[in-house]
Amino acid sequence: MSPQGRTRLVGYLKLGPAVYALGVLTLLLLSSGGTIGGHPLAAAGRPNHEPGAPVAWPEMPGVASGMRHAAVTSLYVVVITETGLPSGTNWTVNLTSLSTQVSIYHWSLTPNVTFSVPNGSYRFTLRPVIGLSPSPPSGNLTVSGAGVTQTVSFVAPPARYEVTFVASGIPVNWGWVVIFNGSQSETSSPESLSFQVVNGTYSYGIGQTGSYTPTPAFGNLTVSGQNLVIAVSFRAPTTYLVSFNETGLAPGTSWQVWLGGATAGSSTPSVVFNMTNGSYAFVLTAGAQPTGYVSANSPGNLTVSGSAILLNVTFVPAPYLLTFSETDLPSNTVFSAWVTGLGGLGQAGVGSFGISVVNGTYAYWVPPVWGYQPTVPTGNVTIGGASVTVNVTFLPQPYTLTFTETGLALATNWTVVVANEEGSTSNASTLSVPIGNGTFPFEVFSVPGYTTGPANGSVTVTGANQSVSITFSSTANATRYAVKFTEVGLPVGSEWSVDLNGTYWSGSGTQITVNLSNNSWYWFQIHGPSDYSAVDAFEDFSVHGSNLTFRVSFFDVVAALYSITFTEHGLPNGTDWTIATGHIVSSSTAASIAITVPNGTYAFNVSTGSQYLPTPAGGTALVSGAGVAISVNFTLGPSPPLYPIEFNESGLPKGANWSVDLGGITSSSSGPTVEFERSNGTYLYSISSMPGYVATPGWGNVTVHGVARVVSIVFASTAPAPPPPVFEITFHENGLPNGTGWGVVIGSAIETSLTNRIAFADEPNGTYGYVVLAISGYSATYSGIATVAGENATINVTFVPLTYPVIIVEFGLASGTNWSVTVSNNSTGFHETRSSTSNTIEFELPNGTYSISVSVPAGYSFSLSTAALTVAGHSPATPSLDATPVSHPLSTGPAMEIALVVGIGVLATVAVSLLAWSRRRPPTPTAAQNSLPRHT
């Protein structure tokens, strides 16, 4: 098969109606000499025919006649002829049906590529060959009952030249931007930047780099057969000192200022910047992490205008709200929360309420509400420079746990505590508690004079109500055991008491003793003088065959505070370690940690984020009227596993060097990632400032807990955006006489000219509404939209003179006689003659002064009272003429009249008396003629 006969089918056929699909498939196979079901479609690959000759589709066996008629069609030859390729060069044409989107590829080694296709619209496409480009590279053609020939030529592409921009005056590795020809944009750190272009004129713009300004900033250049070099010089700005002085921070506290995109910090009272003239926003923060300080001066604004600036700012400790917000309780149901940390705080409310706290870590407890249980009743929350909300969800208890007692006297109160929550009390024989599924401990408070069985235990609820039987037995003859409460810390003779299961036992000595029954459960609460408080003032206990003693420590709530001082040995300098005493958590890198507490017994735990192990790791400290010193020895333990911490940046120019400080250790990179390895723990990080950029976040904490961590940092440029390229909008007028003034308005700008050109310069890309000022006596398109899109815009304005109809009417010529009128304006060169065999001749004339002449057949003559007519947008004075006969001057016959009428606001009558050789009556005018003015 010849190269012209090679065909590749591209695309697919939608399986629409079977006949249509079969017809299209037959067409494609016929063009390549294919078959359907083994049936030959062409005897010799392709039918031999001349261009334009129809080709009948062969009938196919197995196709119904109706379907066969729909699928059979005629083919016509499409020939693509090329010029410019060397002889024997292989080239390819793709022909695509615009209706079916089916494509056929043919290639050839000759100047012709031939297709056989049915009627329809097609798109041809060619590709470059051996460095030569086709012209046109593509196009559309239509086959409609005849063959089509399309000629293309292959030509060498135009020569390209290099335009190089060379920068000077900016720091090494600073990026800079060139916007070339409105659409091409390059960002680079080298000192030069090049573009490859063909001959022509191009616009360019240079972006401002940080605070460095370029010269030139924009312009046009012309490439004409050789390379070009454009030198760009950047000028450093003049800067002035901007100083921030603070008061209110604790000595040595780190604080930071963000000013116009730059960040600086200090542990002294001053932070200083160098800034150029301009207006800037600033934000103040205190400490490398939230420390509870805020400033009323932040955020703020300042303006630098040719001189240094000093701003005094003040920091104060900031309270934050720890808010508890509930869901799923019935409307108007009160719930409560208790917070411990720097003392104990409790509060209650409906829906939500806030407790005012300072920075620190707090434990909280949300008690149940009757019939409802909080899903997470306890937890810890850290306040770190911001308010925090704890969401509490209550779930209804779907089942009932019923306790039934026997043995108590009628109307005796008894109490049960389930799952360590608030107790429920009843004076009946039963006591019910709403509860969910699970296993729950319970305690039955003792009742004086009775033993309880069981006094405690557990009960399991699994999808149904449960009941527990409690038996109370009289203790009139039962063995009783002494429970002694011994106080320390009160002045001699002070009154104090013990609330024991709701019964008060009081005394003024150092000891209160109560005899209690065996196998019973009790609770007590200690009360003292108003200016004293008891440590561990509330507890519960049970009696099991022995006496008990409880030590009660009172302390003066105002004065009696003592220090527990922990001193470490063995840690490297600067290593952070922590003491947790009750709800007080204190950390330090110093050798000692001191905690101030009243008298009492305190459990403590010692920890460190390093691989050092403490001895002791925990214990108790007894404070009794004096400070306590505890020594902690650290020894090196096995190395903890390390996990990677990656900081990934985006937004910096390629190759820019940036750094991260993680826990006092700084690492840098000129790539997108800074890496560390750390053991489990929480680490403070900060991002170093980058000129011209601001990092988000600039600092924070990252916690390692057995897995690698990734922190994303986004750098945003603070440099003002480069000025947009600007272009010229040019208006060209035609139609006005030379020297006529005209004008155009865009926005609030107006330009006028006595020439045919008006230009608006320095317009960035966009759309602009314009208005052309009206010119008397002319019409034009007076408004429109000018679009600037990367190149200059040109608007053509055509002024067309307003014209007025001038109608000349004759009376007196024989019907069908030919006559003419000539109208001339020597100043504008206007000259027009019109003839008529009717009784009217019409002209359309603009404003101006015209001469008028009339031509009539032999045998008639006339005289005009005026040979000139002025059109000035309004009706001119009406001219008149007198006519006399040529052969019979004394004839008294009727005259032929010619009336000149100017319509549309211009009404003038020129009466022309044409004297005939013999007087005759004028013909009767038509209705149209009667409507015209006449002069008799």
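**Reading the aromatic pairs**

Reply: Let us begin with the whole chain. Of the 936 residues in the protein chain, 39% are buried. Please keep in mind that this is a predicted model.

Me: How many helices and strands does the protein chain have?

Reply: The protein chain has three helices and 84 strands.

Me: How many aromatic pairs are there, by the rule for ring centres?

Reply: Rings of Phe, Tyr and Trp pair if their centres lie within 6.5 Å. By this rule there are 31 aromatic pairs. One of them joins Phe566 and Phe604, whose ring centres are 5.0 Å apart with 65° between the planes, an edge-to-face pair.

Me: Which parts of the chain does the pair of Phe566 and Phe604 tie together?

Reply: Phe566 belongs to strand β53 (residues 562–569) and Phe604 to strand β57 (residues 600–608), so the pair ties together parts that are 38 residues apart in sequence. Both Phe566 and Phe604 are buried.

Me: Why is the pair of Trp658 and Phe715 edge-to-face?

Reply: Planes over 60 degrees apart count as edge-to-face. The planes of Trp658 and Phe715 stand at 80°, with ring centres 5.9 Å apart, so this pair is edge-to-face. Trp658 lies in strand β62 (residues 658–662) and Phe715 in strand β68 (residues 709–717), so the pair links distant parts of the chain, 57 residues apart. Trp658 and Phe715 are both buried.

Me: Which residues form one aromatic cluster?

Reply: Phe165, Phe180, Phe195, Tyr202 and Tyr204 form one such cluster.

Key. Residues are numbered from 1 along each chain as its sequence is written. This is a predicted model: local features need pLDDT of at least 70, side-chain atom pairs count only at pLDDT 80 or more; totals for chains, interfaces and linings use all residues. Side-chain values use heavy atoms; hydrogens and water are left out. Rings of Phe, Tyr and Trp (its six-membered ring) pair if their centres lie within 6.5 Å; planes under 30 degrees apart count as stacked, over 60 as edge-to-face and the rest as tilted. Helices (H or I, at least four residues) and strands (E, at least two) are DSSP runs, numbered from the N terminus. Buried means under 20% relative accessible area, exposed over 50%, partly exposed in between (1.4 Å probe, protein chains only).
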